[in-house]
Every structure is written in structure tokens, then in C-alpha cells.
Amino acid sequence: MNQPSQNSTKPESDSPGLKQSAPLEETANNDESTNASPKRSLVSGSNFDRSKPDNKNASTMIDVRDVNFYYGDVQALFNVNLTVPEKSVMALIGPSGCGKSTFLRTLNRMNDIIDGTRVEGTIKLENQNIYDPTIDVVALRSRVGMVFQKSTPFPKSIFDNIAFGPRLSGTTSKSKLTEIVERSLQQAALWDEVKDRLSDSAMALSGGQQQRLCIARTLATNPEVILMDEPASALDPASTARIEDLIFELRKQYTIVIVTHNMQQAARVSQYTAFFYQGRLIEVGPTKELFTNPTEKQTEDYITGRFG
Amino acid sequence: MSNNRGEFNSKINSRHRTSKLFELFCLSAVLLALVVLCVLLFSVISKAWGWVDVDFLTSHHSRKPEDAGIKAALWGSLWLILLTGLFSIPIGVGAALYLEEYSRKNRLTTFIQVNLSNLAGVPSIVYGILGLTVFARMFDMFPGEQQSVMTISLLITDLSIPLPFGPTLITGAMTLSLLILPVVIISSQESLRSVPPSLRHASLALGATEWQTIRSQVLPAALPGIATGVILSLSRAIGETAPLLMVGAASFITATPGGIDGMGDILTNPGSLLEVPFSKYTCMPMQIYNWVKFAKVEFQEYVTSAGIVVLLGVLLLMNATAVYIRMRFQNKIQW
Amino acid sequence: MSSSPSPPSTDRSLEFRRTWTRTREQLIKFVLLLCALLSILTTIGILYVLLTNAVYSPNSKATAFFQEVSIWDFVTDTKWTPQYAQDRHFGILPLLIGTLKITGIAALIGLPIGLAGAVYLSEYAAPRTRNMIKPTLEVLAGIPTVVYGYFALIFITPYILRPIFSDLLGFEVKIFNAASAGIVVGIMIIPMVSSLSEDVLRSVPRSLREAGYALGGTRFDVSTKIVVPAALSGIIASFLLAISRAVGETMAVTIAAGLYTSNSLNPFEPSQTMTAYIVNVSSGDTPVGSIEYKSLYAVAFTLFLATLAMNILSQWVLKRFREEYQ
């Protein structure tokens with residue numbers, strides 16, 4: 001994997017292109033608020049695609065177009081456009097209440113279970129619109145896994161936690177399940193710690209272990225995309241470091257979108273970063289560039305700690 | 001991996017079907033309960049049709065089904081609830097205030113709390129035995145065939161209190177009060193708990209004493225909730241039969257408590273009010289139970305149904321009041 | 001007095017003073033404490049009444065039930081015939097069988113339906129549907145038990161039990177029978193089970209459900225494999241409370257199940273429960289002080305202990321459930 005090196009080369013080659021294309025995009029897009037259009041041009045998918053030539057084998061995994069989101073009458077997301085390349089980590093940052101978690105939850109339609117929510121626009125997962133009426137949410141969620149801020153082990157044994165997803169999809173053979181459990185736990189770097197007590201309750205694990213268990217549980221369903229909602233915010237520094245190492249490893253196989261409060265974390269684990277503010281996607285780009293040379297004033301203010 | 005995915009998708013339809021079937025199963029459980037309610041109401045009302053009229057409400061029991069009415073029982077139930085409310089509301093709310101506003105969490109209050117939830121689960125018939133022994137018979141402390149009578153002279157009239165109380169209204173009311181007290185206390189506590197502490201702090205910070213704070217801030221804020229809980233408890237009491245049967249509500253009686261048939265009687269003879277608590281009485285559920293046991297089919301079916309309709313009517317009225325209070329005030333006060 | 005516009009400096013002292021206000025505060029607190037203590041007095045009263053009449057009488061002139069009948073006979077004898085002049089038997093077993101028979105039928109009906117209703121309300125129903133259904137269930141819970149007894153007598157037996165079991169399957173269904181009583185008691189506990197279970201189901205953290213959905217679970221998967229198992233102890237607590245309620249239920253059982261004491265397990269025959277026996281003795285003309293009259297206290301004591309045990313167990317289970325999730 002040569003992603004880190006790609007990462008370092010990207011800023012120089014990408015940023016001019018992104019900026020130059022801004023006026024062009026403005027005409028192509030619909031008439032949102034006028035002052036927002038330069039920002040939108042930055043985030044629009046076609047621009048992003050131009051960064052692809054560097055990333056040779058990466059195609060678009062998630063393609064978000066003109067997404068608006070409402071909790072009842074309150075609009076929480078405004079015209080978000082974004083693409084996430086395959087096998088990369090995208091960090092979503094921004095102050096609390098900026099809509100980054102809401103956005104993350106639109107990607108596996110987790111918001112569906114909240115009454116009175118509404119989505120406009122399209123979100124494509126490998127060219128399939130996940131909000132198409134023909135889409136099966138259950139199938140979608142088994143392809144787009146999610147790890148939550150608070151670890152959510154089920155009050156069952158470690159084994160049963162991991163085997164939960166495979167069992168749902170009809171895997172009953174004990175040997176197959178055992179194999180999946182071992183593989184998932186190894187991927188989540190938890191195997192060595194729990195291999196002797198798989199039948200113990202998952203609630204007995206430490207916070208960091210629980211969170212890795214939740215990651216392993218997600219991996220067991222064989223997802224393509226993993227969404228993480230501040231997965232390390234409740235953990236101590238050592239556990240956080242382990243989770244970050246894990247994310248770094250997982251990137252080789254999975255597309256990861258991670259919400260984080262912690263900008264250092266975003267910088268450490270992601271290749272791309274998107275900055276949300278007041279329900280709008282202000283700026284998105286390769287992480288290094290966004291942190292070193294943000295194009296938007298609000299982004300700069302946020303990453304330099306002037307608010308949030 | 002792709003193979004696995006295909007397998008998954010083939011199974012997903014059957015999983016959705018299971019989920020839908022399960023939803024239908026759960027829904028039908030709820031619907032079944034509602035259907036039973038409808039069938040119950042329908043079967044009772046259809047039998048009572050034509051039997052519930054003004055005559056039914058204003059006549060006493062009679063051996064002829066056509067002439068039988070529920071008057072004594074209706075008055076008995078109303079007095080019973082009035083007295084029960086008189087006993088249980090101040091004591092219940094008082095106990096809730098002590099537990100929520102004054103007491104600290106210590107052994108005593110924890111014990112009271114545990115004790116309350118246990119009392120709420122004691123079968124009503126056990127309260128009947130308690131009432132029978134303590135109020136109706138007073139531990140047989142007053143021996144002899146004759147009931148002793150304690151007479152207290154008041155300004156306009158004498159108050160005669162039979163000792164022991166025997167099968168009188170006051171025995172029934174005290175027994176029912178003990179029965180519903182745990183529920184009254186627990187529901188009042190919940191209402192008090194929903195009053196935000198900031199309100200208390202604000203009042204205390206202005207120099208009000210604890211009682212002033214409770215009277216002027218906490219109680220008014222909690223009142224709708226307390227009232228709802230109290231009314232629901234009282235409507236439980238009005239339908240109670242078993243404990244009253246134990247403490248000796250009369251089977252058949254053709255007199256209203258104190259001989260009061262309406263407001264006019266109270267105005268012409270206010271002294272009769274004092275006789276009310278010590279009158280023999282019957283009440284609606286008792287009357288219904290006794291009618292059920294009658295051999296005559298007319299009683300078993302039609303008169304009983306008519307009695308049930310009146311009882312359910314009174315209950316409906318009380319519940320509607322509770323719902324009204326809840327709606328009316330819930331919208332006004334929002335924390 | 002203290003509201004004079006410019007109080008003298010002595011009035012501003014923070015020293016403790018015994019004023020009327022302060023005394024009144026103490027008085028009110030004391031009176032309220034008495035109100036709270038009444039509940040303990042009630043418990044003591046119940047225990048005293050039951051113990052002195054059933055187990056041991058402190059009064060030398062009177063004897064308690066177990067001073068005349070040995071506890072051993074009470075527990076082991078298989079006949080209950082206190083009304084006979086000769087060959088009296090005081091074995092609680094027949095009354096226990098009657099109670100268990102009706103409670104069993106009630107549990108068979110009320111627990112699954114109540115739980116399914118709770119799952120529907122907490123996992124499937126939209127808030128508006130729930131707001132419509134819950135008050136209706138409360139109405140069901142508010143109907144007096146004497147009405148349920150009547151319903152069993154005039155509807156359940158003639159229109160449900162007889163057509164099915166008598167006309168179709170050839171059993172003899174008596175007019176007073178345990179099955180009809182069990183069915184209405186089962187109906188009576190549905191609202192209780194569904195409301196208590198719904199509470200515990202809803203207190204299962206939302207995050208667990210989200211995790212389940214995020215793993216690709218359907219509502220069925222999440223309800224039955226995550227939420228219900230997680231709430232299991234709370235559900236068991238609600239079951240225990242409902243069973244305790246069924247055991248203590250009196251009027252419906254007295255009206256619908258009849259007065260006949262038997263050891264038969266046939267649900268279509270009359271059978272007398274502990275509660276019905278208490279009612280029958282106390283509403284009849286049993287002479288006060290007779291052994292038959294005293295037996296009422298022994299039965300009531302048994303009933304009290306049984307329901308108390310279940311209530312305490314239920315609270316203990318519920319407490320553990322709450323500790324797990326809060």
C-alpha cells in the first residue's frame with residue numbers, strides 16, 4: 001500500500017485544479033444560495049474525480065448528490081455533495097451540531113428509524129441510489145456497517161455478539177461461524193485478548209475492547225463500507241491509539257467514513273477530510289491540504305481553534 | 001465473498017416475510033384485546049338495552065325484575081367514593097410530600113418505599129380481612145350482643161358513633177382508603193418528581209421556607225398529575241367488590257345512606273349528613289354481584305347488565321375527567 | 001412582621017430563632033411523616049390480623065386456627081371440607097389446585113398476548129398509533145372485576161367454550177368452570193403485562209437497537225434477538241406481578257368458577273380458589289369464632305404469603321434489570 005505517499009503528493013497536484021474549476025461548476029449546478037456556490041464547486045463529485053488519476057486503482061464508492069435532510073420541519077443538512085473513493089478513509093469534522101453525524105447516518109439510512117425524518121437528493125453506493133424505493137434497507141446495512149460513539153455490545157457472549165450478523169443472514173454452521181468469529185476478531189486486533197473466553201459476556205470487556213468488539217461485529221457481516229461515529233471519543237489515549245491503528249489497517253480492504261471531534265485524529269487516520277458547519281459541507285479535500293492550506297475562512301477558523 | 005452475498009440476498013425476502021408476519025402477530029395481540037373490550041361492552045349493553053332508564057336509577061331493589069332499581073347502590077357508591085377520597089387524598093398526598101420533599105434517603109424512607117410497592121401488590125381481599133377485623137369488628141374489643149354507641153353532642157344535633165363500626169359506610173370507606181393509598185402515594189410521588197428542582201431552588205433562594213415552597217410552587221405545578229392519579233385510584237375503588245363484601249356491604253337494602261335522596265334532604269335536615277358515615281349501605285358492584293347470584297334469568301341477565309352499564313357510566317365519567325385534566329394542564333405547563 | 005421596609009440590624013442576624021414559622025414547619029413535617037408511616041402501620045395491621053387469627057392468638061380466651069389444626073395437616077391433607085360437622089378436613093391442597101388451575105390458564109392467555117402487545121407498542125407502532133392504543137388498554141384495565149366475572153358467565157362459557165369444547169370436541173362444560181374464569185383473568189392481566197413490559201422494552205438503550213439495525217437486522221431480528229433478550233429480566237418481573245395479581249383475583253373467579261372444591265384438574269369443572277373460599281365464608285352465615293370462620297384467616301395468610309413472595313421476587317428482578325441499564 002502506497003497510500004501515505006499518495007497522500008503527500010496530492011495536495012500539490014489537486015488544490016489548484018479544485019480551485020480553478022470553481023467558476024465552471026457554478027453554472028452547472030442548480031441555484032442554491034449564491035454565496036454557497038464556490039464552496040459547492042469544491043465539493044462536487046466531478047471535481048473530486050479529477051483527483052483520481054493520482055489514486056490509480058480507486059473508483060468512487062459513495063457518491064452523494066444534492067442531499068438535504070430534515071428532522072420534521074427543521075432542516076439539518078443543506079445541499080451536500082460529496083464523493084468517497086473506494087478503500088480510503090474520509091473524516092467528517094466540524095463543531096457539535098454541524099450535521100456530520102446526521103450525514104453519516106444518511107449513508108446507511110440509519111435515520112429511517114427516527115420518525116419524521118426526510119431525505120432529498122441521491123446517495124449512490126457503487127452506482128445504486130440507496131434511497132431508491134427498490135432498495136432493501138436491510139441488505140444495504142449489511143453492506144454499509146456502522147460503529148457507534150458509545151460501544152454497544154449486546155448483553156450476550158463475545159462469540160454471539162460477533163456471530164449475530166452472520167446468523168441473521170442465515171449462517172448456521174458452527175464451524176463456519178467459528179471461522180468468521182476468529183477472522184473478524186483477528187481483523188479487529190482483539191483475538192489474542194479474548195480467544196480463551198469467547199463465551200464470556202461481552203459486557204465484561206473494557207471500553208476499548210468493547211469498541212473493537214463492535215468493529216469486529218461489523219466486519220463479520222462482510223461490509224464494503226464502514227461508518228464510524230466518533231468511535232474513540234469515549235476511550236482512553238491507549239485504546240484510542242489501538243483503534244486508530246486498526247482503522248489504518250482496515251483501510252486496505254474497506255471504505256471508511258469516520259466522524260471525529262478530534263482534528264489530530266482526523267489528520268492521523270484519514271486521506272480525505274470534509275468540514276461541516278451549520279448543516280453545510282463547507283470544504284472537502286485531501287486531508288493534508290485541508291489542514292495545511294484550507295480554502296475557506298470557516299475551515300481555517302475551525303482548524304486553528306477559533307471556534308467549535 | 002460474492003457467493004456469500006448472493007446467498008444473503010436470496011434469504012432476505014424470507015426474512016422480510018418473517019418480520020412482517022411477526023408484526024401481524026403482535027398487532028393481532030393488541031387487536032384481540034381491543035376486540036374483547038368491544039365484545040364485552042356490546043354483550044353487556046345489548047342486554048341492558050331498554051332496562052336502563054330514569055326509573056332504574058331512582059328505584060330500590062325489588063323482587064320483581066321490572067321494578068328493581070339501583071338507587072341505594074348508586075347513592076352508596078357515591079358516598080363511599082366521597083368518603084374514601086376524603087380519607088385517602090390528604091393522607092396520600094401528605095405521605096408523598098414527605099417522601100419526595102422532606103425526607104432524605106435513609107433506611108426508614110427506603111423501607112417505606114419498598115413497603116409501599118409491596119402493599120400495592122397485596123390482593124384486595126386481604127384488605128377486606130384487615131377492614132373486617134380492625135374497623136368492622138375492632139378486634140372484638142367491645143363484647144356483647146349489643147353494639148355500643150358513643151354519642152357526641154354537637155350544637156345542632158347529636159352524633160352517634162356505633163362501636164365497633166360494623167358494616168357501615170365508614171368501615172367500607174376506610175378499608176378502600178387503605179387499599180388505594182399505596183397507589184395514590186406512588187402516583188403523587190411521580191407527579192412531584194416531575195416538578196423541576198430549579199423551581200424549588202428558586203423559591204428557597206428567595207427566602208421561602210420548605211412548606212411555603214411546597215404550597216406556592218411545587219403543589220400547584222404537580223397538581224394536574226396528582227389529580228389524575230387520584231381520580232384513577234378512586235375509579236379503581238368504585239369498582240372494588242371483594243373487600244366491601246368482606247366488611248359487610250349489605251346485600252339488599254332499600255334506603256340511601258342517611259336517608260338522603262337529593263340536595264333538598266340535606267337542606268331540610270342537615271343532621272342527616274352526620275348519619276351518613278354510620279349508615280348501612282350497599283354499592284353498585286355489590287348490587288351487581290348479588291343480582292348475578294339470583295336464580296331468575298331476568299335478574300341474572302338484564303338487571304345485572306343494566307347495573308353494569310350504570311357502573312361503567314360512572315367510571316367513564318371519572319376517567320374522562322382524569323383525561324380532561326391531563327390534557328388541559330399538560331399542554332399548559334411544559335418544562 | 002419581618003417585611004418592614006428597613007428592618008433594624010438585629011433583625012438581619014442569621015442566628016437561629018424559634019419563631020412561629022419555624023414551629024409550623026416542624027409541625028407540618030411531623031404530620032406528613034405520620035401520613036407516610038401509615039403505610040407501615042397498614043402492613044403491621046395486615047400481619048397482626050393474619051398472624052393472631054391464623055397462627056397464634058395473644059388472647060388467652062381465643063385460639064388461632066393453627067392452634068386447633070396442625071400446620072402439617074393443613075399442608076399435607078388432600079381434602080378441604082370445613083363445612084362438614086363430622087369428618088372435617090383442612091387440607092389447603094384443593095384450594096391451591098383451584099387457584100393454580102385458573103392462574104395457569106390466565107397466564108397461558110395473558111402473558112403471551114400481553115408481551116406480544118408490548119413488543120408491538122414499543123417496536124412497531126408509530127407514536128400516534130401507540131397514543132391511541134394505550135388509553136384503550138387502560139380502559140380494559142379499569143373495568144371492575146365483577147364485570148369480568150359476569151362476562152365469563154354470560155359470554156365466555158355459552159358462546160366460546162361450549163361451542164368449541166362441548167359441541168365440537170365433546171367435553172362436558174359446566175356452567176361454572178375454571179376455564180372461563182381463567183380466560184377472563186387472563187384478559188384482565190393483558191393490560192398490566194403489556195404496559196409493564198413495554199416500559200422495560202423501551203428502557204433498553206436505543207443504541208442497542210441501532211447497532212442491530214446497522215448490522216442488517218430486520219425489525220423481527222432486532223425485537224426478538226436483541227431487545228427482548230436484553231429486557232428479559234424486566235419482562236419476567238412483569239410476568240411475576242401479573243401472576244401474583246391473578247392469584248389474588250377474587251370476584252371474577254368467585255362468580256365464574258363456582259364454589260365447588262375439588263382436586264380435579266379438569267378445566268371445565270367448577271373449582272374454588274383461595275380467594276373465592278374467603279368470600280364464600282365471609283358472606284355466608286358462618287358463626288364468628290368457629291373453626292370454619294378461622295380457616296378464612298389461614299387461607300388468607302397463605303394467599304398473602306404467596307403474593308408477597310412473588311411481588312418481592314419481581315421487585316428484586318426488576319431492580320437488577322434497572323441496575324444493568326441505568
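**Figure 1. Helix H12 of chain B and its buried residues.** In this predicted model, the buried residues of H12(B) are Met284(B), Pro285(B), Met286(B), Gln287(B), Ile288(B), Tyr289(B), Asn290(B), Trp291(B) and Val292(B). The helix spans residues 284–292 of chain B, and because nine of its nine residues are buried, it is largely enclosed by the rest of the structure. For context, buried residues account for 44% of the 335 residues in chain B.

**Figure 2. The overall build of chain B, with its helices and strands.** Chain B contains 13 helices and two strands. Its C-alpha atoms occupy a box of roughly 95 × 65 × 40 Å along the principal axes. The radius of gyration of chain B is 26 Å, whereas a compact globule of 335 residues would have one near 20 Å. If you follow the contacts in chain B between residues at least 6 apart in sequence, 76% of them link residues at least 24 apart.

**Figure 3. The two domains of chain B and where they meet.** Domain 1 of chain B runs over residues 1–48, and domain 2 of chain B covers 52–330. Their contact draws four residues from domain 1 of chain B and seven residues from domain 2 of chain B. On the side of domain 1 of chain B that touches domain 2 of chain B, there are three nonpolar residues, no polar residues and one charged residue. The C-alpha centres of these two domains of chain B are 41 Å apart.

**Figure 4. The contact between chain B and chain C.** Here 66 residues from chain B meet 64 residues from chain C. Helix H1 (residues 2–48) of chain B supplies the largest share of the side of chain B that touches chain C, with 19 residues. Sorted by class, that side of chain B has 45 nonpolar, 17 polar and four charged residues. For the complex, the predictor reports an ipTM of 0.88 and a pTM of 0.83.

**Figure 5. The two domains of chain C and their contact.** The domain assignment of chain C gives domain 1 over residues 18–54 and domain 2 over residues 93–325. Four residues from domain 1 of chain C and six residues from domain 2 of chain C form the contact. The side of domain 1 of chain C that touches domain 2 of chain C has three nonpolar residues, one polar residue and no charged residues. Between the C-alpha centres of the two domains of chain C lie 34 Å. Chain C has a mean pLDDT of 88, with 94% of its residues at 70 or more.

**Figure 6. Val184(C) in the largest nonpolar core.** This core has 275 residues, and those with the most contacts inside it are Val184(C), Ala252(C) and Ala300(C). Setting aside residues up to four places away in sequence, Val184(C) touches Tyr148(C), Gly149(C), Phe151(C), Ala152(C), Ile156(C), Ala252(C) and Ala256(C).

**Figure 7. Ser271(C), a buried loop residue.** Look for Ser271(C) in the loop between helix H11 (251–257) and helix H12 (274–283) of chain C. Ser271(C) counts as buried because it has 33 C-beta neighbours inside 10 Å, where 20 or more are needed. Beyond its neighbours within four places in sequence, Ser271(C) is in contact with Gly98(C), Lys101(C), Ala178(C), Ala257(C), Tyr260(C) and Ser262(C). Lys225(C) is 46 residues away from Ser271(C) along the chain, and their C-alpha atoms are separated by 40 Å.

**Figure 8. Chain A and the confidence of its parts.** Chain A has 13 helices and 10 strands, and 47% of its 308 residues count as buried. Among contacts in chain A between residues at least 6 apart in sequence, 68% join residues at least 24 apart. The average pLDDT of chain A is 80, and 81% of the residues score at least 70. Within chain A, confidence is highest in strand S8 (residues 255–259), at a mean of 95, and lowest in helix H2 (residues 37–43), at 32. Please read residues 1–56 of chain A with their confidence in mind: pLDDT stays under 50 there, and the model has 68 contacts beyond four places in sequence for these residues.

Technical notes. Residues numbered from 1 in each chain as written. Chains lettered and ligands numbered in written order. Predicted model: local features only at pLDDT ≥ 70, side-chain atom pairs only at ≥ 80, totals over all residues. Helix = DSSP H or I, 4+ residues; strand = E, 2+ residues; numbered from the N terminus. Nonpolar A, V, L, I, M, F, W, Y, C, P; charged D, E, K, R; others polar. Core = buried A, V, L, I, M, F, W, Y, C linked by C-beta atoms within 7 Å. Buried ≥ 20, exposed ≤ 12 C-beta atoms within 10 Å, placed from the backbone. Domains from an automatic or database assignment. pLDDT = per-residue confidence, 0-100. Rg over C-alpha atoms; globule rule 2.2 N^0.38 Å.
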